[in-house]
Amino acid sequence: MTADLTALARRALLACADLARFTETPGEITRTFLCPPSRDVTAYLTAWAQALGLNVRGDAAGNLRARREGPGPDAPTLYLGSHVDTVPNAGAYDGVLGVTLAFAVAEALRDAPLPFALELLAFSEEEGVRYGVPFIGSRALVGTLDELLPLADAQGISVAEALSIYGLDPTELPEAAVTGQSLGFLEFHIEQGPVLQAAGASLGIVTAIAGQSRLLLEWTGQAAHAGTTPMPHRRDALAAAARFVVAAEDRARTTPGLVATVGMLSAQPGAINVIPGTAQATLDIRHERDEVRQAALAALLTDAHRLARERGVSLTVTEKMTQPAVPMDGGLQTRLRRAAAEEGLSVPDLPSGAGHDAMILAGRMPAAMLFLRSPNALSHHPDETVMPEDIEAALRVGVRFVQGLAAHTGGQP
Ligand SMILES: [Zn+2]
């Protein structure tokens, strides 16, 4: 290989700094779906893609698509990319680094013949900030964006209207969908958690995007005088809720891979001298295997009902959302592992606790993710960072991954 991967890794890093300048809010990085600075991002990436001789187009969902055609019209396509929108006051790497690394991989291989087409993707929306629903960009590629078009943002502007205002044509959305044979999708992304740093590893291979359940629990007991009601006579809703919080933590701590969070807790009437008559809590529970999550949730709810009953408190449970786990493609994981081994890297497997574009693309093609270590696990924060040597490691693995696929695919008719 003649490409200078060290220099290209630096280019991918510098491009993140360049793109960080395009923001809705001076002094911070904030780039929501179809905000004016999105045009600057598109212009920057378009210039880079054109310098590589790629065919660039924007699709009707605002995604940038930069394509290197395959050897023939029927050649399959390998997709690389991530998202370029951000949360408010974001870091410079969440999503964006996955795009600049994809471009760096394409640049490293620009003179290498490939038996397939390569398409670089910069998704216009993943974070769900403007519409409260994520993955607007990637959903266009799998043909499931239509159901979101009527959603309104805080100003009452629908997704369809926002596309039109930006100069896009929602009636052209069907043309954004992937057609033809897909070899797969690879997304580079910062881990946004502490696992790789704790393992002393630059990179990790994602096994699955964790499935999750979100629930609302409500306890009803009896509000009463805090001074005159002896303990055996109480029906304290908050005490029952508190036992549940501890039970959820215990269950997650003793179930490998399970995470459970009570993020909200409230009690009424809310006075220092009144026993709480009602209480509410949320539960967010996730695991990479649905059967483990479901079994843990069932056991936890059995505990919650018992803990409530013991206090004469009733409990109602409302399921707010359930999202099944999305396993990453086994074959692509094997290729990533092989590529890493060829670079002398040991890369742990880990699930992703957060959602990513790869889980949407997985509905249409084999999908894989390579995580880069997140120093201090900081993300969705302006101090989010990434180590230059980890970027180079990811680039080297990415290049070998594509070369490995080329050697494999090239052997086929
Ligand atoms: Zn992201």
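The model is predicted, so local features need pLDDT of at least 70 and side-chain atom pairs count only at pLDDT 80 or more, while totals for chains, interfaces and linings use all residues. Residues are numbered from 1 along each chain as its sequence is written, and side-chain values use heavy atoms, with hydrogens and water left out.

I begin with the overall division. The protein is divided into domain 1 (5-209 + 325-410) and domain 2 (211-323), with bounds that come from an automatic or database domain assignment. The centres of the two domains, taken over C-alpha atoms, are separated by 38 Å. Eight residues from domain 1 and six residues from domain 2 make up the contact, where contact means heavy atoms within 4.5 Å.

Helices (H or I, at least four residues) and strands (E, at least two) are DSSP runs, numbered from the N terminus. Buried means under 20% relative accessible area, exposed over 50%, and partly exposed in between, with a 1.4 Å probe and protein chains only.

E384 is placed in the loop between β16 (367-372) and α11 (388-410). E384 is buried yet has no salt bridge, and R31, the nearest side chain of opposite charge, is 9.4 Å away. For charge, Lys and Arg count as positive and Asp and Glu as negative; His and the chain ends are not counted. A salt bridge is a side-chain nitrogen of Lys or Arg within 4 Å of a carboxyl oxygen of Asp or Glu. A polar atom of the E384 side chain does, however, lie 3.4 Å from the backbone nitrogen of A92.

How many salt bridges does a search of the whole structure find? It finds 20. One of them joins E119 and R67, with the closest N and O atoms 2.7 Å apart. That pair links distant parts of the chain, since E119 is in strand β4 (residues 117-123) and R67 in strand β2 (residues 64-68), 52 residues apart. E119 counts as buried, at 4% relative accessibility. A further salt bridge, 3.0 Å from N to O, joins R139 and E147. Here R139 counts as buried at 14% relative accessibility, whereas E147 counts as exposed at 58%. In another, D303 pairs with R251, the closest N and O atoms being 3.0 Å apart. D303 belongs to helix α8 (residues 290-309) and R251 to helix α7 (residues 237-253), so the pair ties together parts that are 52 residues apart in sequence. D303 is buried at 18% relative accessible area, and R251 is partly exposed at 26%. Salt bridges that share partners also join D59, R65, R67, E69 and E119 into one network.

I close with the backbone. Most residues other than glycine have a negative phi, and most peptide bonds are trans. In this model, the peptide bond from Q268 to P269 is cis, with omega near 5 degrees. P269 sits in the loop between β10 (265-268) and β11 (274-275). L34, which is not a glycine, has a positive phi of about 65 degrees. L34 is found in the loop between α1 (5-20) and α2 (37-51) and counts as buried at 10% relative accessibility. F135 likewise has a positive phi, near 70 degrees. F135 lies in the loop between β4 and α4 (136-142), and is buried with a relative accessible area of 8%.

Technical notes
A polar contact is a pair of N or O atoms within 3.5 Å; within protein, one must be able to donate a hydrogen and the other to accept it, and residues adjacent in sequence count only if both atoms are side-chain atoms.
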